[in-house]
Amino acid sequence: MSFKNISCQNRIIELFQNAFANNRLAHAYIFTGQEGVGKASFSRELAKTVFCRSQGTDACDVCNTCLRIAGNNYSDMLVVQPEKNSRVIKIEQLKNLQDFLRIKPLESRNKMVIIHSADKMNEEAANCLLKTLEEPPLYAIMILTATSLDAVKETIRSRCQIIRFSPLSMAVVKNILVNQYQLDNRQAEQVAFIANGSIKRAVWLSQAGAVEKKTWLVEQLLKLECKDNLTFSKELVNTWHIQDTDVLEEKRTFVKELLFSFLMYYRDLLVCKTGRQESPIYHDGWKSALTVKSQAVSEDALFHIIQIIKTTFGYLDHNANIALLLENMITKILHLQFRRNM
Ligand SMILES: [Zn+2]
(Lines give C-alpha, C1' and ligand atoms only; values in the text may rest on other atoms or scores of the structure.)
Protein backbone atom coordinates (compact mmCIF):
# COMPACT_ATOMS: atom_id res chain seq x y z
CA MET A 1 0.00 0.00 0.00
CA SER A 2 1.09 3.61 -0.54
CA PHE A 3 -0.77 6.94 -0.39
CA LYS A 4 -2.60 6.11 -3.57
CA ASN A 5 -4.26 3.21 -1.76
CA ILE A 6 -5.42 5.20 1.25
CA SER A 7 -9.14 5.73 1.03
CA CYS A 8 -11.05 8.88 1.59
CA GLN A 9 -8.29 10.97 3.19
CA ASN A 10 -7.33 13.01 0.10
CA ARG A 11 -7.12 16.27 2.00
CA ILE A 12 -4.48 14.80 4.32
CA ILE A 13 -2.56 13.12 1.50
CA GLU A 14 -2.40 16.43 -0.33
CA LEU A 15 -1.16 18.20 2.77
CA PHE A 16 1.71 15.74 3.15
CA GLN A 17 2.56 15.66 -0.51
CA ASN A 18 2.89 19.45 -0.42
CA ALA A 19 5.07 19.21 2.66
CA PHE A 20 7.28 16.68 0.88
CA ALA A 21 7.49 18.75 -2.29
CA ASN A 22 8.51 21.84 -0.32
CA ASN A 23 10.69 19.97 2.11
CA ARG A 24 8.59 21.21 4.98
CA LEU A 25 7.76 18.18 7.03
CA ALA A 26 7.14 19.12 10.67
CA HIS A 27 8.99 17.43 13.52
CA ALA A 28 5.86 16.18 15.19
CA TYR A 29 2.28 15.39 14.23
CA ILE A 30 -0.75 14.12 16.09
CA PHE A 31 -3.14 12.07 13.99
CA THR A 32 -6.51 12.17 15.66
CA GLY A 33 -9.92 10.75 14.84
CA GLN A 34 -12.18 7.89 15.94
CA GLU A 35 -10.91 4.32 15.89
CA GLY A 36 -10.63 2.56 12.57
CA VAL A 37 -10.39 5.55 10.23
CA GLY A 38 -6.87 4.77 9.04
CA LYS A 39 -4.56 6.71 11.36
CA ALA A 40 -2.22 3.75 11.82
CA SER A 41 -2.16 2.79 8.13
CA PHE A 42 -1.54 6.38 7.19
CA SER A 43 1.41 6.68 9.55
CA ARG A 44 2.96 3.54 8.04
CA GLU A 45 2.47 4.85 4.50
CA LEU A 46 3.96 8.16 5.55
CA ALA A 47 7.02 6.33 6.91
CA LYS A 48 7.38 4.56 3.57
CA THR A 49 7.25 7.87 1.76
CA VAL A 50 9.88 9.39 4.04
CA PHE A 51 12.29 6.48 3.64
CA CYS A 52 11.48 4.99 0.22
CA ARG A 53 14.45 4.64 -2.10
CA SER A 54 12.48 6.13 -4.99
CA GLN A 55 12.38 9.51 -3.15
CA GLY A 56 9.21 10.99 -4.64
CA THR A 57 6.09 12.30 -2.94
CA ASP A 58 4.70 8.78 -2.72
CA ALA A 59 6.29 5.46 -1.85
CA CYS A 60 7.07 2.82 -4.48
CA ASP A 61 5.80 0.00 -2.25
CA VAL A 62 8.19 -2.53 -3.78
CA CYS A 63 11.72 -1.53 -2.75
CA ASN A 64 13.46 -3.27 0.10
CA THR A 65 12.87 -0.25 2.39
CA CYS A 66 9.11 -0.15 1.74
CA LEU A 67 8.87 -3.87 2.37
CA ARG A 68 10.79 -3.68 5.64
CA ILE A 69 8.62 -0.78 6.85
CA ALA A 70 5.51 -2.79 6.03
CA GLY A 71 6.95 -5.59 8.17
CA ASN A 72 7.88 -3.11 10.94
CA ASN A 73 11.51 -4.05 10.55
CA TYR A 74 13.34 -0.91 9.48
CA SER A 75 16.22 0.33 11.58
CA ASP A 76 15.40 4.06 11.38
CA MET A 77 11.78 3.61 12.44
CA LEU A 78 10.43 2.76 15.88
CA VAL A 79 6.81 1.98 16.71
CA VAL A 80 5.62 2.41 20.29
CA GLN A 81 2.23 1.34 21.63
CA PRO A 82 0.75 -0.03 24.87
CA GLU A 83 2.13 -3.50 25.43
CA LYS A 84 -0.20 -6.48 25.30
CA ASN A 85 -2.50 -6.52 28.32
CA SER A 86 -1.45 -3.05 29.35
CA ARG A 87 -3.66 -0.01 29.22
CA VAL A 88 -0.91 2.54 29.06
CA ILE A 89 2.38 3.41 27.42
CA LYS A 90 5.02 3.18 30.11
CA ILE A 91 8.01 5.32 30.94
CA GLU A 92 10.44 2.51 29.99
CA GLN A 93 9.05 2.59 26.45
CA LEU A 94 9.61 6.33 26.22
CA LYS A 95 13.17 5.99 27.57
CA ASN A 96 13.78 3.42 24.89
CA LEU A 97 12.42 5.92 22.36
CA GLN A 98 14.82 8.58 23.62
CA ASP A 99 17.75 6.17 23.28
CA PHE A 100 16.61 5.34 19.77
CA LEU A 101 16.49 9.01 18.74
CA ARG A 102 19.82 9.79 20.37
CA ILE A 103 21.65 7.67 17.78
CA LYS A 104 21.90 9.22 14.31
CA PRO A 105 20.02 7.59 11.43
CA LEU A 106 21.70 4.45 10.18
CA GLU A 107 20.28 4.08 6.71
CA SER A 108 18.72 7.38 5.74
CA ARG A 109 18.56 11.05 6.63
CA ASN A 110 15.72 10.75 9.11
CA LYS A 111 14.54 8.77 12.07
CA MET A 112 10.86 8.27 12.64
CA VAL A 113 8.95 7.24 15.74
CA ILE A 114 5.29 6.37 15.63
CA ILE A 115 3.48 6.37 18.97
CA HIS A 116 0.12 4.65 18.74
CA SER A 117 -2.53 5.41 21.36
CA ALA A 118 -0.55 8.42 22.55
CA ASP A 119 -3.64 9.35 24.56
CA LYS A 120 -2.85 6.36 26.76
CA MET A 121 0.36 7.59 28.27
CA ASN A 122 0.81 7.85 32.00
CA GLU A 123 2.04 11.10 33.51
CA GLU A 124 5.67 9.99 33.72
CA ALA A 125 5.75 8.81 30.12
CA ALA A 126 4.07 11.99 28.90
CA ASN A 127 6.66 14.14 30.67
CA CYS A 128 9.42 12.09 29.15
CA LEU A 129 7.94 12.55 25.67
CA LEU A 130 7.58 16.25 26.30
CA LYS A 131 11.32 16.54 26.86
CA THR A 132 11.96 14.95 23.48
CA LEU A 133 9.41 17.20 21.80
CA GLU A 134 11.01 20.28 23.30
CA GLU A 135 14.38 19.53 21.75
CA PRO A 136 14.00 16.99 18.99
CA PRO A 137 17.11 16.03 17.01
CA LEU A 138 16.99 17.63 13.55
CA TYR A 139 16.52 14.28 11.86
CA ALA A 140 13.54 13.22 14.03
CA ILE A 141 9.98 12.91 12.80
CA MET A 142 7.42 11.93 15.41
CA ILE A 143 3.89 10.76 14.70
CA LEU A 144 1.45 10.36 17.56
CA THR A 145 -1.94 8.76 16.98
CA ALA A 146 -4.78 9.41 19.40
CA THR A 147 -8.50 8.67 19.47
CA SER A 148 -9.06 11.29 22.12
CA LEU A 149 -7.15 14.49 21.59
CA ASP A 150 -8.41 15.81 24.93
CA ALA A 151 -6.52 13.05 26.68
CA VAL A 152 -3.20 14.29 25.28
CA LYS A 153 -1.48 16.86 27.49
CA GLU A 154 -1.83 20.42 26.24
CA THR A 155 1.95 20.89 26.43
CA ILE A 156 2.38 17.95 24.04
CA ARG A 157 -0.43 19.06 21.74
CA SER A 158 0.99 22.53 21.37
CA ARG A 159 4.27 21.12 20.05
CA CYS A 160 2.68 19.02 17.35
CA GLN A 161 0.82 19.73 14.15
CA ILE A 162 -2.65 18.28 14.56
CA ILE A 163 -4.13 16.30 11.68
CA ARG A 164 -7.78 15.34 12.00
CA PHE A 165 -9.02 12.18 10.31
CA SER A 166 -12.70 12.14 9.41
CA PRO A 167 -14.88 9.01 9.51
CA LEU A 168 -14.83 7.04 6.27
CA SER A 169 -17.86 7.32 4.04
CA MET A 170 -20.24 4.38 3.83
CA ALA A 171 -19.24 3.76 0.21
CA VAL A 172 -15.54 3.57 1.13
CA VAL A 173 -16.18 1.15 4.00
CA LYS A 174 -18.33 -0.97 1.71
CA ASN A 175 -15.62 -1.08 -0.96
CA ILE A 176 -12.94 -2.08 1.52
CA LEU A 177 -15.16 -4.87 2.83
CA VAL A 178 -15.83 -6.18 -0.66
CA ASN A 179 -12.28 -5.86 -1.99
CA GLN A 180 -10.15 -6.66 1.02
CA TYR A 181 -12.43 -8.81 3.16
CA GLN A 182 -14.38 -10.64 0.47
CA LEU A 183 -17.86 -9.78 1.71
CA ASP A 184 -20.65 -9.88 -0.85
CA ASN A 185 -22.26 -6.59 -1.83
CA ARG A 186 -25.38 -6.89 0.29
CA GLN A 187 -23.52 -7.96 3.41
CA ALA A 188 -20.94 -5.20 2.94
CA GLU A 189 -23.66 -2.60 2.56
CA GLN A 190 -25.43 -3.76 5.71
CA VAL A 191 -22.26 -3.70 7.78
CA ALA A 192 -21.03 -0.38 6.33
CA PHE A 193 -24.32 1.20 7.35
CA ILE A 194 -23.83 0.42 11.02
CA ALA A 195 -20.04 0.75 11.14
CA ASN A 196 -20.23 4.51 11.57
CA GLY A 197 -17.27 5.28 9.32
CA SER A 198 -14.80 2.99 11.07
CA ILE A 199 -13.15 0.16 9.18
CA LYS A 200 -12.10 -1.46 12.46
CA ARG A 201 -15.72 -1.70 13.54
CA ALA A 202 -16.78 -2.86 10.10
CA VAL A 203 -14.30 -5.71 10.22
CA TRP A 204 -15.47 -6.68 13.68
CA LEU A 205 -19.07 -6.58 12.52
CA SER A 206 -18.22 -8.82 9.56
CA GLN A 207 -17.12 -11.65 11.84
CA ALA A 208 -19.37 -14.63 12.22
CA GLY A 209 -22.11 -14.02 14.74
CA ALA A 210 -21.51 -10.29 15.21
CA VAL A 211 -24.69 -9.13 13.52
CA GLU A 212 -26.63 -11.84 15.39
CA LYS A 213 -25.33 -10.52 18.70
CA LYS A 214 -26.49 -7.03 17.80
CA THR A 215 -29.89 -8.35 16.77
CA TRP A 216 -30.20 -10.22 20.05
CA LEU A 217 -29.39 -7.03 21.95
CA VAL A 218 -32.03 -4.95 20.17
CA GLU A 219 -34.65 -7.59 20.79
CA GLN A 220 -33.75 -7.76 24.48
CA LEU A 221 -33.75 -3.99 24.82
CA LEU A 222 -37.18 -3.79 23.24
CA LYS A 223 -38.72 -6.08 25.84
CA LEU A 224 -36.72 -4.92 28.81
CA GLU A 225 -38.49 -4.14 32.07
CA CYS A 226 -37.49 -1.89 34.91
CA LYS A 227 -36.59 -4.73 37.27
CA ASP A 228 -34.40 -6.63 34.81
CA ASN A 229 -31.09 -4.92 35.40
CA LEU A 230 -29.10 -7.68 37.12
CA THR A 231 -30.32 -10.63 35.04
CA PHE A 232 -29.92 -8.60 31.88
CA SER A 233 -26.34 -7.57 32.54
CA LYS A 234 -25.43 -11.22 33.30
CA GLU A 235 -27.09 -12.42 30.10
CA LEU A 236 -25.31 -9.71 28.21
CA VAL A 237 -21.88 -10.75 29.46
CA ASN A 238 -22.66 -14.39 28.51
CA THR A 239 -24.25 -13.84 25.13
CA TRP A 240 -21.54 -11.45 24.01
CA HIS A 241 -18.89 -13.86 25.36
CA ILE A 242 -17.20 -11.03 27.20
CA GLN A 243 -15.57 -13.24 29.83
CA ASP A 244 -14.35 -15.78 27.27
CA THR A 245 -11.17 -13.93 26.51
CA ASP A 246 -8.37 -13.22 28.93
CA VAL A 247 -6.84 -10.61 26.69
CA LEU A 248 -7.89 -7.30 28.14
CA GLU A 249 -7.62 -5.42 24.87
CA GLU A 250 -9.86 -7.93 23.12
CA LYS A 251 -12.37 -7.75 25.91
CA ARG A 252 -12.48 -3.97 25.56
CA THR A 253 -13.08 -4.26 21.82
CA PHE A 254 -16.11 -6.48 22.53
CA VAL A 255 -17.44 -4.12 25.16
CA LYS A 256 -16.90 -1.07 22.95
CA GLU A 257 -18.96 -2.75 20.27
CA LEU A 258 -21.60 -3.57 22.82
CA LEU A 259 -21.70 0.03 24.00
CA PHE A 260 -21.98 1.21 20.41
CA SER A 261 -25.00 -1.02 20.00
CA PHE A 262 -26.58 0.52 23.08
CA LEU A 263 -25.81 3.96 21.75
CA MET A 264 -27.38 3.23 18.39
CA TYR A 265 -30.48 1.76 19.96
CA TYR A 266 -31.11 4.77 22.20
CA ARG A 267 -30.18 7.14 19.42
CA ASP A 268 -32.81 5.45 17.27
CA LEU A 269 -35.36 5.84 20.06
CA LEU A 270 -34.53 9.54 20.16
CA VAL A 271 -34.93 9.89 16.40
CA CYS A 272 -38.32 8.09 16.57
CA LYS A 273 -39.36 10.23 19.51
CA THR A 274 -38.48 13.56 17.93
CA GLY A 275 -39.61 12.45 14.48
CA ARG A 276 -36.53 13.84 12.77
CA GLN A 277 -37.07 12.28 9.40
CA GLU A 278 -33.75 13.36 7.96
CA SER A 279 -31.75 11.17 10.39
CA PRO A 280 -31.56 7.55 9.30
CA ILE A 281 -32.58 4.83 11.72
CA TYR A 282 -29.89 2.22 12.25
CA HIS A 283 -32.34 -0.50 13.21
CA ASP A 284 -34.70 0.11 10.34
CA GLY A 285 -36.35 -3.30 10.58
CA TRP A 286 -37.65 -2.47 14.07
CA LYS A 287 -38.94 0.99 13.26
CA SER A 288 -42.52 0.50 14.42
CA ALA A 289 -41.49 -1.27 17.64
CA LEU A 290 -38.98 1.49 18.32
CA THR A 291 -41.59 4.16 17.74
CA VAL A 292 -43.97 2.52 20.22
CA LYS A 293 -41.16 2.16 22.75
CA SER A 294 -40.10 5.77 22.32
CA GLN A 295 -43.54 7.00 23.42
CA ALA A 296 -42.96 5.68 26.91
CA VAL A 297 -39.78 7.60 27.60
CA SER A 298 -39.12 11.32 27.68
CA GLU A 299 -36.73 13.09 25.36
CA ASP A 300 -34.85 14.36 28.35
CA ALA A 301 -34.38 10.84 29.72
CA LEU A 302 -33.08 9.68 26.33
CA PHE A 303 -30.50 12.46 26.27
CA HIS A 304 -29.40 11.44 29.75
CA ILE A 305 -29.19 7.78 28.79
CA ILE A 306 -27.04 8.59 25.77
CA GLN A 307 -24.78 10.61 28.04
CA ILE A 308 -24.49 7.69 30.46
CA ILE A 309 -23.41 5.37 27.64
CA LYS A 310 -20.83 7.87 26.44
CA THR A 311 -19.48 8.26 29.96
CA THR A 312 -19.20 4.47 30.24
CA PHE A 313 -17.01 4.51 27.12
CA GLY A 314 -14.67 6.84 28.95
CA TYR A 315 -14.54 4.60 32.04
CA LEU A 316 -13.67 1.57 29.94
CA ASP A 317 -10.05 2.58 29.65
CA HIS A 318 -9.67 3.08 33.37
CA ASN A 319 -11.69 0.22 34.74
CA ALA A 320 -10.82 -3.44 34.56
CA ASN A 321 -14.05 -4.70 36.09
CA ILE A 322 -16.10 -4.76 32.96
CA ALA A 323 -19.04 -6.77 34.35
CA LEU A 324 -19.51 -4.26 37.14
CA LEU A 325 -19.21 -1.36 34.74
CA LEU A 326 -21.97 -2.79 32.54
CA GLU A 327 -24.18 -3.55 35.51
CA ASN A 328 -23.87 0.04 36.71
CA MET A 329 -24.64 1.43 33.29
CA ILE A 330 -27.72 -0.74 32.85
CA THR A 331 -29.03 0.10 36.32
CA LYS A 332 -28.74 3.81 35.56
CA ILE A 333 -30.30 3.46 32.11
CA LEU A 334 -33.29 1.50 33.37
CA HIS A 335 -33.78 3.90 36.22
CA LEU A 336 -34.01 6.79 33.76
CA GLN A 337 -36.03 4.92 31.19
CA PHE A 338 -38.73 3.81 33.59
CA ARG A 339 -38.85 6.82 35.85
CA ARG A 340 -42.15 8.47 35.36
CA ASN A 341 -43.02 12.13 34.83
CA MET A 342 -39.60 13.32 33.90
ZN1 LIG B 1 9.93 2.09 -1.84
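The buried residues of helix α14 are covered by parts of the structure that include α12 (248–274) and α15 (322–338), where contact is taken to exist if the C-beta atoms of two residues, placed from the backbone, lie within 7 Å. This is a predicted model, in which local features need pLDDT of at least 70 and side-chain atom pairs count only at pLDDT 80 or more, while totals for chains, interfaces and linings use all residues. Residues are numbered from 1 along each chain as its sequence is written. Helices (H or I, at least four residues) and strands (E, at least two) are DSSP runs, numbered from the N terminus.

**Helix α14**

- Helix α14 (residues 299–316) has 18 residues and reaches 26 Å from its first C-alpha to its last, close to the 26 Å expected, the expected span being 1.5 Å times one less than the number of residues.
- Ala301, Leu302, Ile305, Ile309 and Thr312 of α14 are buried, a word used if 20 or more other C-beta atoms lie within 10 Å of a residue's own, whereas exposed stands for 12 or fewer and partly exposed for what lies in between, with C-beta atoms placed from the backbone.
- An α-helix has 3.6 residues a turn, so residues three or four places apart point the same way.
- On the other side of α14, the exposed residues are Asp300, Gln307, Lys310, Thr311 and Gly314.

**The sheet**

- Five strands form an open sheet in the order β2-β3-β4-β1-β5, with parallel pairing, and two strands pair if DSSP finds at least two bridges between them.
- Because β2 (77–80) and β5 (161–164) stand at the edges, each with a single partner strand, one side of each is left without a neighbour in the sheet.
- Strand β1 (residues 28–32) runs parallel to β5 and is joined to it by four bridges, and Phe31 has Ile163 in β5 as its bridge partner.

**Two residues with positive phi**

- Most residues other than glycine have a negative phi.
- Ser117, in the loop between β3 (111–115) and α5 (123–134), has a phi near 55°, a positive value in a residue other than glycine, and Ser117 is buried, with 22 other C-beta atoms within 10 Å.
- Gln182, in the loop between α7 (170–181) and α8 (185–194), has a positive phi of about 55° although it is not a glycine, and Gln182 is exposed, with 10 other C-beta atoms within 10 Å.
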